[in-house]
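This briefing presents selected local features of one protein structure. Please keep the sequence and the three-dimensional view at hand while reading.

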Amino acid sequence: MSLKYGCFSDDGKEFIMKTPLLPRPWINYLTNERYCAIISQCAGGYSFYLDCRTDRILRWLPEGWHFDRPGRYLYIRDITNPKKPYIWSATYQPLRVEPDYFQARHGLGYTVIESLYNGIRVKITYYVPDIDDCEIWWVSLVNQTKKPHKLELYPYVEWLIGDYHMELRYRNIMNLYNRVWFDAETQSIFAKKTAFWQDLNIQPFKYICFFASSLPVKKCATRKNAFLGKYNTEEKPESIIKGSMKDITFCSGEDGIACFQHRVELKAGETKEFSICLGQLEAEKVKRIINKYRDLENVKKEFQNTKAIWEKRILDNIWVKTPDKDFDLLVNIWLKYQLYICNFWSRSPSYYHEGSGGRGYRDSCQDSESIVSINPELTRKRILKIASLIRQDGTSCPGWSDTLGPHQFRPNKDHQVWLTSTVYAYVKETGDKEILNEVVPYLKDKWVGGWRVDPHFSGGPTHEEEGSLFEHLEKNLLFTFNDVGKRGLPLIGHADWNDAIDAAGIKLKGESVWLAEALVRSLKQLAELAQLIGKKDKAEEFLEKAKIMSERIEKCAWDGDWYVRGFTDYDEVYGSKNNEEGKIFINAQAWAILAGIPDEGKTKKIVNAVKKYLDGPHGLALFYPAYSKFNPHLGRISMFSEGTKENAAVFCHASTFMITALLKIGEGDFAYESMRKLMPNKQKDYDLYKTEPYVYAEYLVGPQHPYLYGEGAFTWITGTSGWTFMAATEWLLGIRHDFEGLIIDPCLPSGWKKTFIRRHFRGATYEIEIENPQGVNKGIKEVYLDGRKIETNLIKPHSDGKIHQIRVIMG
Ligand code: GLC
């Protein structure tokens, strides 16, 4: 694939950008799950430790896309001729002097930015070592001219330090807590806030931020104002432009920066390397880290280690080969990479989101479900963590932060239904049914029924009583089963999966059809889990409840050709043919099928309706038509301009629910076609699409937008990655874990005559060739296991550490 702005490397492991002037910043996440540096093709972006809200280290301005600053910069002054210095920055930003050559590469766990100007080639490799919580810039300078050059180098960052949201609200106050100083002993710049102040909690600041270079320091700058000069930004720093940098070794109660002045001389053809190490750590750890990464051998060694760890994570598991190379590239590399970033950082740190920190409950459930086939240990760890957020009354708290603990705000009503699916997938993948007996604490906090605040509760969340994981799941689902409105459908409250239907049920009357369907699906899954551990009565009870809920759905939600989406507090239907706007919603259709509710006749009608109302050149829209006026009985969904975000965008996460449902019922062509339209590397016009070609967007602007239909938005951290990975591997290629083994049940586009998938499963590896000579969508004629014909499409686990060959003939 060749794109206007860049392309994938031949081995697919890097995305290479040929110009700094992309339609939007295209970013990468450099992270070891604790430290994270977000970086664009021009080195813009910010860093944080453990939580992107409470422990931001570097500043990046939320006007983001428009100018992508500040970042991790290296200013260069070539003073070979002191009367006529050449001044530029190695990463194009922030000085924006046009380079003679530019290339940025985002790889798995690293980013390399290379430029050539004035005969000096600079290459900076940015990465976060897997083993140490800091970030490294490995810089190499080459004099490509025939003359010696004298250079002044100025590596530069701007500190934020502390709580990003407090900083946004109290910009005038927060910098008064700043202390930045040059530490003569370690020749580094250190920075901190005097205390960590977050809402009403004040604690001493636990860490030191540090910035160290392997080159000798001539001068340093710590105060932003003094360094940039009056009315300047980093685009015109007076100290650099005029060559007037003063040695300012401390900053108190002002905006802080870290910048060194280094001098190097490069002979003709000579190469010199140096490193920058920066981060935030407990004081006693700082010195060791600084010293370690001043040694370029360590810089290179840890770079190789980190790269190898990322490659193993990404490459050494599911691997596919299909007629669609773009599909393969996503499934084999970039979707998995995106899925890891979602699992590590949930939905908060990005160039688009509000950065409120923490991890969302349902997002984490879905992320950890979808990574189970490539990293079941991670799923297990997350399941037990998430289960500890369930209260005795069965409600789930909306998420947690690794620095602040369980979230303490009003949740959406759907949290309760998600963890069951994650556990279901985990047990099917690993066979580890014992996890259901794991004892997990219940959360005790001020929320009653997840909704009201208990006036007698004092103190913060605690964990007092405990119960098995199974019991947690049971309480979860029973809560939602009983938390219903007059039709017997679950209340939508403050919103369900769709964050923006946030006013339909605030009087606790409005109901959600989608949530009813999701509950049916989870009840059926829990019934299977109950059966598996010998709890027959429970299994029957859950199935009975699933049946009751399905009947209620059929009774009040079937609208003739599709399912309605819900009912408001005022008893108005939404998502119905009787609505002028918001007539048909994709979720209510997809999840009815996923939950196994509609019969064949209804299923056909649903598919036709989806084709007629929701399909378009850029994929399946969230609903149709968009809301053009504010509707206070629905909420924020009607506030977004038409086609953006939840107001009828092509919301890829939800489109993929439908794609999965289509694959489930054998609609291989329509499903693949819909999938293809969302693929970031298959867009037709990147000036329209604008966002990264290597990771999924949360949504593409929808058809009713007056002029942006097809533009990508909110990339990277979206449930789309997980659902697409599951849809592609488990439903399209159809290799699915089950309690008893691996099920082989592809649903292919009819044009695919031959595909291949390699997969590890319970201690053995399976290499599966699927032949489709007649071009069917679904159906298996013959299966061969290690050359022998077998009469089933269920492969029992071998667990023998060996590779097994499977040949499947469809027809
Ligand atoms: C965002 C949120 C997700 C939510 C969806 C729909 O993707 O991360 O939790 O379900 O929007 O509102």
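Is Asp571 buried, exposed or partly exposed? Asp571 counts as partly exposed because its relative accessibility is 39%, and the cut-offs for that class are 20% and 50%. The model is predicted.

**Positive phi angles**

- Asp571 is located in the loop that runs between strand 32 and strand 33 (573-574). Its phi is near 65°, which is a positive value in a residue other than glycine.
- Ser346 is not a glycine either, yet its phi is positive, at about 55°. This residue belongs to the loop between helix 7 (325-345) and strand 24 (359-360). Ser346 counts as buried because its relative accessibility is 1%, and buried means under 20%.

**Cis peptide bonds**

- Gln93 and Pro94 are joined by a cis peptide bond, with omega at about 0°. Pro94 is placed in the loop between strand 8 (86-89) and strand 9 (101-107).
- A cis peptide bond also leads from Tyr624 to Pro625, and here omega is near -20°. The loop that holds Pro625 runs between strand 35 (623-624) and strand 36 (650-651).

**Arg565 and its surroundings**

- Arg565 sits in the loop between helix 13 (536-557) and strand 32 (566-567). With a relative accessibility of 1%, Arg565 counts as buried.
- The side chain of Arg565 forms a polar contact with the side chain of Asp496, at 2.8 Å.
- Leaving aside residues up to four places away in sequence, Arg565 touches several others, among them Asn498, Ser512, Trp514, Tyr574 and Phe585.
- Although Arg565 and Ser512 are 53 residues apart in sequence, their C-alpha atoms are 6.4 Å apart in space.

**Helix 12**

- Ser512, a contact of Arg565, caps the N-terminal end of helix 12. A side-chain oxygen of Ser512 lies 3.5 Å from the backbone nitrogen of Trp514.
- Helix 12 covers residues 513-532, which makes 20 residues. From its first C-alpha to its last it reaches 29 Å, close to the expected 28 Å.

**Thr729 in helix 19**

- Helix 19 contains Thr729. This residue is buried, with a relative accessible area of 2%.
- The side chain of Thr729 reaches the backbone oxygen of Phe725 at 2.7 Å. An α-helix has 3.6 residues a turn, so residues three or four places apart point the same way.
- Residues up to four places away in sequence aside, Thr729 touches Ile318, Val331, Gly734, Ile735 and Ile757.

Technical notes:
Residues numbered from 1 in each chain as written. Predicted model: local features only at pLDDT ≥ 70, side-chain atom pairs only at ≥ 80, totals over all residues. Heavy atoms only, no water. Helix = DSSP H or I, 4+ residues; strand = E, 2+ residues; numbered from the N terminus. Buried < 20%, exposed > 50% of the residue type's maximum accessible area, 1.4 Å probe, protein only. Contact = heavy atoms within 4.5 Å. Polar contact = N/O pair within 3.5 Å; in protein donor to acceptor, adjacent residues only side chain to side chain. Expected span 1.5 Å × (residues − 1).
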